[in-house]
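The sequence and the structure come first.

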Amino acid sequence: MLTIAFYILSALTISSALMVLFSKSPIYSVLWLVICFFSITGHYILLDAHFLAIVNLIVYAGAIMVLFLYVIMLMNLNKESEPQKPVWLKFASVITGCLLMIVLAGALKGYSELPPAAITEDFGTAKGVGKVLFTEFLMPFEVASILFITAMVGAVILAKKHVND
Amino acid sequence: MEKFAWLIPALPLIGFLFSIFFGKKVSKTVVASVASIFVLIPFILTVAIFIPFISVAEAEAIRIPLLEWINIGKLTVNYSIQLDQLSLMMMLVITGVGFLIHVYSAGYMHDDDGFHRFFAYLNLFIFFMLVLVMGSNFLMLFIGWEGVGLCSYLLIGFWYKNMDYNKAANKAFIMNRIGDLGLLLGIFLIYLRFSSFEYSRIAYEAIDIAIGDPIITTITILLFIGAIGKSAQLPLFTWLPDAMAGPTPVSALIHAATMVTAGVYLIIRTNILFTLAPFTQEIIMFVGLATALFAATIGLKQNDIKKVLAYSTVSQLGYMFFALGLGAYTAAYFHLFTHAFFKALLFLGSGSVIHAMSGEQDLRKMGGLKKALPITHATFLIGTIAIAGLPPLAGFFSKDQILASAFAHHPVLWIMGVLGALMTAFYMFRLYYLAFHGSFRGTHEQEHHLHESPKTMTFPLVILAVMSVIAGFVNVPEVLGGGHWLDNFFTPLLAGTTLILEENVHAHLSHTVEYILMGSSVLAVLAVIFYARIRYKNNGHVPAEDSEPMSFLERLLSKKYYVDELYDSIVSNPVVKGAGLLYNYIEVNFIDRIVNGVGQLVVLSSRTARFMQTGNVGFYIFAMVIGALVILAANTFLH
Amino acid sequence: MENITQFTGALTINHYLFLSSVLFSIGVMGVLLRRNFIIIFMCVELMLNAVNILLAAFSRYNGNQSGQVFVFFIMVVAAAEVAVGLAILVMIFRNIRTTDINALKNLKW
C-alpha cells in the first residue's frame, strides 16, 4: 500500500519535473514546479517528516514559487520568446544528464538494505524537530535569522530602481 | 664571576642594537659613551674573571653552556663559552684595546655623518670577535669568524660613496671567502674524524692519534688555509693593505690588533692537531717566513703612512706564523699580544697625524710634525722602538723569543728572521723620521691647520704607549732574570702537545748562546736605525714622486712586486674574460633564447587558449557539469 | 500524531536514492538545456529539493531528527538565496532586456 503510494508520488514528481523543463512558457514551468513541490511534500509525509511537509508547502510551494511568478510577470515573460539552443547541444545536454543519473545511481548503490530505525512518538513533528532545533542547533538557528536580514536588505537594495539612473 | 661571562659578548651586541636603532635620535656623545661603556664593562668583567684564574696554578678551562643550538641525532652543538688561558688573554686584548679604540674613535670620527653607524659596526665587531674567541666549539668559532669578516667588510667600505673603498671592501671580503672555504672544509673534516665540534673532545681524542696521520694533516692544511685568508699571509695578503681604505681606528682595531690575529688564535687553539702534522708545520713556517720577508721588503718603499703600517702588520703576522710553524705557540701568542698594543698604537698615532694633516696620508707631504704634535710624536716613537725590537720594550721580548726558537730549529732561519727584523726597524724609522723630523713639506694651508689631537685621541695613545713598554714583561726569558710567566701560564693549554712530543716545547739554548743572539740582533737593529736616521732625518732622501724614474728594484718594491697585477692577470682577467665569453655566446645565443622562447610559447599558446574562455555562462555551466561528472565517475568506478 | 507509515521492508532507502538521483539529474539537464535564466534558477531549486528528499529519507532510516533540521536550514538558505537571486535577475533583466543567458558574455577575458 505504501509502496504503491511511493510509486505514484514518484511518478508525479518526475513527470512534473520533466514538464518544468519542457514547457515553452515560463509561467507553465512555474506551475509544474509547484506541482512537483506538492508531490515532494507527499514524500515527506511518507517519511514521517510532518513538520517538513508543512514547511515545504508554505515556504517552497507558497512563498518561493509566488516570488517566481511575480518576477516572471514583472518581466512580462509569458510569451514563448525564449531562443532555443541548437539541436546537437540539446542532445548533448540530455546525454550528459542521463550519464549523471547513471553515475549517481551507481555511486549510491551500496546502501541497499539499511533497515528502518525504530522511532519515537514525536519523530518529525513540530515538537520533535523543535526540540532538536532549539537545543542542539540553537546557534545556527539564530545565525540563520541574521542571514535572512542580510538577504532581505540585499534584495531590497538590488531590486530598487536607482534614483540617479 | 664566571656566571656573568655571557654578559661579555652580550653587552657589545646590545650596544650595537642601541646604536643602530636609536643612534640617530640621540646625540653623538651619548652614542660614543654607550658604545664605549658597553666595551669597558666586558673588559672589567674579563679582568674580574682573569685575576682569580691566574692565581690558580694550571687552572682548568671553565666551560659554560648557555643555550642549546643544534640537537639532531648524535649531533649536539651548544652555544657555550670556554674560558681558559688562551681565550681570557684574547678577551683582555679585544676588550682592552677595543675600548681604547672606541674612545679614540669618539674624537677621530667626530665630524663624520656616519658616526652612529661607525660605533654600531665597531660594537658588532667586538661582539663577533668575542664569540670567536670565547666559543667552546668550532661552530661558535665559525660564527665569529664570519661575523668579524662581515664587520671588516662593512668598516672598510664605511665611506661607501667612494668606489675605490667599496672595491677594497669587496676585495677583502672575497679573499677572505677563499680562506673561509678552507676553514669550513676543515671543520667538516674535523666532525667526520672526531664526531664532535667541541675543542675539549677533540683534544681528548687527538692524544691517541699517531703523528703524521693523513686526515689530521689534511685538516690542519685546510685550517691553515682559513688562517691564511684571515691573517693575510702569502698568497692571500693583498686585501690587507687595501683594507686601509677604512677609517684609521678600524685599521688599528680590526686590521692590526684583533681580527687578523684570528688565524693565529685558530692555530694555537688547535695546537694539538698541528703538532700531529709536522708536514703542515713546515708549510706554515715557510709561508710565515716568506710573508714576513716579502711584506717587509714592500714596506721599505711605500710612501703612504698607513700602507707602510699595513705591510708591517702583514710582516709581523708572518712572524707569528713563523713561530707557529716552529711549534713555538707561546712565542706566537706572545708576539700577538705585544703586537696588538704597539701596532694599535702606531695606527692610532698615524690616525692622529692624518687628522692633523686634514686627511693627507702621503709621507712625502709631511715632515717636522714633532713640534706640532708632541704627544703623538712621543707615543709614536715608543711604538716605533717597540716594533723595531729594542729592549726593554715589548717587541724586543716577543721577537727575541721567536728568533730563539728559530735558532734552535736552524741557524739559517734565525738569520732570515733577523733580516726581517732589520727591515722592519728600517722602514719604521724611515716612516718616523720622514713624518716627524725635518721641515714641513705639505701645503701652507695644511701647515697652518696642524694641531695636536683632542684628549679623547691622545688618552688611548698614552695608555697604549705604556702598554707597549710594559707588555713584554709578561714573558721575560730566564737569561734576563725573568720567570717565563706566559710560558708557564700556557702550560695547560699546550698539555696535549707536550704529551705528544714527550718534551717541553720551549727552545732550550744555553745562556751564552742566547746572550750572543740577543746582543747581535740588538746591535744590528741599532745600526739599521742609525742608518735610517742619517738617511732620512732633516729631509734627506725624501722619496721621489711616483713619476720620477726609478731603478728596477725600486719600481718592483713600490709596485708591491706587481702581486695585484699578477692576480689580475692570472685570476681576475681570465674570469672576467671567460664570463664575457659565456655571456656573449652561451648566454645570448642559448640561454636567452631558451628563456625567451618559453615565454613566447606561453604567450602564443595563451593567445589561442583564451578563446576557450568564451564568457558564455551557459558554456561554463556545461563545462562545470561535465567536470563534476568526470570527478564523480572517477571516484566511483576507479576505486 | 500517529505515525502514518509502518515500514514493511518493501520500501528501502534505495528507492529514495534512486528517486533523488533522477530528480537531481533532471535539474542538471534543465540547467544545461534551457537558456532562460529564470528556468535555470528553478532547476537549481529542483536539485536542492532532490537533496532534501534524500536527507529526510536518511533521517527516517537512521531515526535521527538532525537530518530534518538540516533540511530546514537548507530551506532557510534557499529562501534567502531566491530572494537575492531573483533581485539580481531583475536587475540584469532591466539592463539587458532579455532573459537569455547567452547575452551574459561579460565574463570573457
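How many residues does the contact take from chain A and from chain C? It takes 77 residues from chain A and 65 residues from chain C, where two residues are in contact if their C-beta atoms, placed from the backbone, lie within 7 Å.

## Basis of the model

This is a predicted model, in which local features need pLDDT of at least 70 and side-chain atom pairs count only at pLDDT 80 or more, while totals for chains, interfaces and linings use all residues. Residues are numbered from 1 along each chain as its sequence is written, and chains are lettered from A and ligands numbered from 1 in the order in which they are written.

## Contacts of chain C

On the side of chain A that touches chain C, the elements giving two or more residues are α1 (2-22), α2 (26-46), α3 (50-75), α4 (87-108), α5 (126-135) and α6 (138-159) of chain A. Helices (H or I, at least four residues) and strands (E, at least two) are DSSP runs, numbered from the N terminus. The largest share of this side, 14 residues, comes from α3(A). By class it has 58 nonpolar, 14 polar and five charged residues; Ala, Val, Leu, Ile, Met, Phe, Trp, Tyr, Cys and Pro count as nonpolar, Asp, Glu, Lys and Arg as charged, and the others, Gly among them, as polar.

Chain B has 10 residues in contact with 12 residues of chain C. The chain B side divides into four nonpolar, five polar and one charged.

## Chain B and a helix pair

Chain B contains 27 helices and two strands. Of its 639 residues, 50% are buried, that is, with 20 or more other C-beta atoms within 10 Å of their own, C-beta atoms being placed from the backbone.

In chain B, the axes of α14 (residues 305-325) and α15 (residues 329-356) come within 9 Å and cross at roughly 175°. Axes are lines fitted to C-alpha atoms over the stretch in contact, with angles from 0 to 180 degrees between N-to-C directions. α14(B) and α15(B) are therefore roughly antiparallel (an angle over 145 degrees). The residues of their contact are 13 nonpolar, five polar and two charged.

## Nonpolar cores

A nonpolar core is a set of buried Ala, Val, Leu, Ile, Met, Phe, Trp, Tyr and Cys residues joined through C-beta atoms within 7 Å. The largest has 205 residues, and Ala332(B) and Ala344(B) have the most contacts inside it. Leaving aside neighbours within four places in sequence, Ala332(B) is in contact with Val264(B), Ile268(B), Met320(B), Ala323(B) and Leu324(B). A second, separate core of 71 residues includes Cys36(A), Ala49(A), Ala53(A) and Leu55(C).

Notes. Angles under 35 degrees count as roughly parallel, over 145 as roughly antiparallel, 65 to 115 as roughly perpendicular and the rest as oblique. A residue is buried if 20 or more other C-beta atoms lie within 10 Å of its own, exposed if 12 or fewer, and partly exposed in between; C-beta atoms are placed from the backbone.
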